Amino acid sequence: MSTRISSLLAASTLAFAACAPESGAPEGESVKCALGVGASFVSDCVLETVGEGRFVIHHPDGSFVRVAFDGDSGLLSVTDGAMQLDQTTSFSEDPVEFSTGPARYRVKRDLLTQSAS
């Protein structure tokens, strides 16, 4: 009897998974990133605005980092996780460059300004 219940449970799980929508590619602006020590900058990351001054940078492997931008100070910060954000350039420079761990990013200043409005 337990084999029959296990078979029914497995079948219903597969049916449910088949109905689940795919998340698809993130929507947003392409930004330059260098993911890993010694990596070169390429336009493989996507900046998604998720609120006023808040955005998510999606990596091509599905990982991401949540970042907040303070329009008054021009400073960026990580909004979750234990990683520290190091801002390499000031907000007066374009693009703004920053890093979290071994990942580095270059984001056009106007994209940050749009997300903070």
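Predicted model: local features only at pLDDT ≥ 70, side-chain atom pairs only at ≥ 80, totals over all residues.
Q: Let us turn to S2 and S3. How many bridges join them?
A: S2 and S3 run antiparallel and are joined by 5 bridges. Thr49 has Phe55 in S3 as its bridge partner, and Gly51 stands opposite Arg54, also in S3.

Q: What lies in the turn of that hairpin of S2 and S3?
A: There are 2 residues between the two strands, and Gly53 in the turn has a positive phi of about 70°. Glu52 also belongs to this loop, which lies between strand S2 (42-51) and strand S3 (54-58).

Q: Is Glu52 buried or exposed?
A: Glu52 is exposed, because its relative accessible area of 63% is over the 50% cut-off.

Q: How far is Glu52 from Thr113?
A: In sequence, Glu52 and Thr113 are 61 residues apart; in space, the C-alpha to C-alpha distance is 9.8 Å.

Q: What about S3 itself, mostly covered or mostly open?
A: S3 is mostly covered, with 4 of its 5 residues buried.

Q: How does S3 pair with S4?
A: S3 and S4 pair in the antiparallel sense over 5 bridges. Val56 has Arg66 in S4 as its bridge partner. These two strands also form a hairpin, with 5 residues between them, and Gly62 in the turn has a positive phi of about 100°.

Q: Arg66 again: which side chain does it meet in a salt bridge?
A: The side chain of Arg66 meets that of Asp80, at 2.9 Å from N to O. The pair links distant parts of the chain: Arg66 is in strand S4 (residues 64-70), whereas Asp80 is in the loop between S5 and S6, 14 residues apart.

Q: Why do Arg66 and Asp80 count as partly exposed?
A: Arg66 has 35% relative accessibility and Asp80 has 36%. Both therefore count as partly exposed, since that class lies between the 20% and 50% limits.

Q: How many salt bridges does the structure hold?
A: It holds 2 salt bridges. Besides the Arg66 and Asp80 pair, Glu97 forms a salt bridge with Arg106, and the closest N and O atoms are 2.9 Å apart.

Q: Glu97, is that buried or exposed?
A: Glu97 is buried, because its relative accessible area is 17%, which is under 20%.

Q: Finally, the chain as a whole: what share of the residues is buried?
A: Buried residues make up 27% of the 117 residues. The chain exposes about 7600 Å², and carbon and sulfur atoms supply 54% of that area.

Q: And what share of contacts join residues at least 24 apart?
A: Among contacts between residues at least 6 apart in sequence, 27% join residues at least 24 apart.

Notes: Residues numbered from 1 in each chain as written. Heavy atoms only, no water. Buried < 20%, exposed > 50% of the residue type's maximum accessible area, 1.4 Å probe, protein only. Pairing = 2+ DSSP bridges. Salt bridge = Lys/Arg side-chain N within 4 Å of Asp/Glu carboxyl O. Contact = heavy atoms within 4.5 Å. Areas by Shrake-Rupley, 256 points an atom, 1.4 Å probe, with all protein chains shown as cover.
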